[in-house]
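Trainee: Could you take me through this model step by step, and show me how each kind of feature is read?

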Amino acid sequence: MNESLLLVEDEEALRMTLGDRLRSAGYVVDLAADGEQGFEKATTLPFDLVILDIMLPRSNGLDVCRGIRSAGLATPVLLLTARGQTSEKVLGFKLGADDYVTKPFDTTELLARIEALLRRTASHSGKGFLRIGSVLVDFRGTKVTRDGLPVYVTSREFQLLRYLAENAGKTLSRDLLLREVWGYEIGTFTRTVDVHIASLRQKLEEAPRKPKLIVTVPGFGYRLEIS
Ligand code: CA
């Protein structure tokens, strides 16, 4: 399964070369050229990881990072800092960044950091298959198909789907999902769950606004229905 990354970098040459390098390393890559665009994409699309330059026009990387966390999203953030910006690194961690790489960096090192960060957020691999209506989930191959056609899901969406599937028929609260799928403490980032559920519905449901697979239990949480 290919993880999806958002690269927010204003220097066009670096954005392009790094974007290509990440794609050739097997990632699905989306790009943003300034802070506002980066924030917009990071909070409306489900990425597995965000690579965020600090020095950006319109809204700097630290503000974007703070904004992502304030929006309730737990997407891992890797900061690109300039040499000597020690105070910004410290501030970055306080604002919820997960790691940083200092510019100019070796691409091999950046790739290793990305891999490590994704590994930290990925869960153990499951087993078997699950069929829910026209949707087939292959836990071993971490693949999802709908009506026989491949459906792209991010690694976190896959983990969420697996947890829902393992507990099919049970109503699960947002807090429980957050703790079990993301490893976060109760009460934080509950919007993260809603964003990922909405995205899974877009990909899996025939009518995402009238979901039949992943249903909302008002005032409580979500339930995966198996017919
Ligand atoms: Ca920059």
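Trainee: Where does D147 lie?

Mentor: D147 lies in the loop between β8 (143-146) and β9 (149-151), where strands (E, at least two residues) and helices (H or I, at least four) are DSSP runs numbered from the N terminus. This is a predicted model, in which local features need pLDDT of at least 70 and side-chain atom pairs count only at pLDDT 80 or more, while totals for chains, interfaces and linings use all residues. Residues are numbered from 1 along each chain as its sequence is written, and side-chain values use heavy atoms, with hydrogens and water left out.

Trainee: What is the phi of D147, and is the residue buried or exposed?

Mentor: The phi of D147 is near 50 degrees, a positive value in a residue other than glycine. For the second part, buried means under 20% relative accessible area, exposed means over 50%, and partly exposed is in between, with a 1.4 Å probe and protein chains only. D147 has 55% relative accessibility, so it counts as exposed. R58, in the loop between β3 and α3 (61-70), also has a positive phi, near 75 degrees, and with 60% relative accessibility R58 counts as exposed.

Trainee: How many bridges join β7 to β8?

Mentor: Two strands pair if DSSP finds at least two bridges between them. Here four bridges join β7 to β8, and the two run antiparallel, with V135 opposite R146 in β8. Strand β6 (residues 129-132) is likewise joined to β7 (residues 135-138) by four bridges, again antiparallel, and in that pairing I132 stands opposite V135. The hairpin of β6 and β7 has two residues between the strands, and G133 there takes a positive phi near 60 degrees.

Trainee: Which residue takes a positive phi in the hairpin of β11 and β12?

Mentor: That residue is G219, with phi near 75 degrees, in a hairpin that has three residues between the strands. Strands β11 (residues 214-217) and β12 (residues 221-224) run antiparallel and are joined by four bridges, and I214 has L224 as its bridge partner.

Trainee: Which residues coordinate the calcium ion?

Mentor: Donors are N, O and S atoms within 2.8 Å of the metal (3.2 Å for Na, K and Ca), and since water is not among the atoms, sites may look incomplete. The calcium ion is coordinated by D10 (OD), D53 (OD) and M55 (O), at 2.1 to 2.3 Å. D10 lies in the loop between β1 (4-8) and α1 (12-24), and D53 in strand β3 (residues 49-53), so the pair ties together parts that are 43 residues apart in sequence. D10 is partly exposed, at a relative accessible area of 30%, whereas D53, at 3%, counts as buried.

Trainee: Where does the largest cavity lie?

Mentor: Rolling a probe the size of a water molecule over the atoms shows where empty space is left. On a 1 Å grid over the protein atoms alone, a cavity is a set of points where a 1.4 Å probe fits but cannot get out, and lining residues have an atom within 4 Å of a point. Domain 1 (4-121) and domain 2 (129-224), with bounds from an automatic or database domain assignment, both give residues to the lining of the largest cavity, so this cavity lies between them. Of the 11 residues that line the largest cavity, the closest to its centre are F47, D48, T75, P76 and R156, and helix α6 (residues 155-166) gives the most to the lining, with three residues.

Terms used:
1 Å grid on protein atoms, 1.4 Å probe; cavity = no way out; pocket = protein on both sides within 12 Å on 5 of 7 lines; lining within 4 Å.
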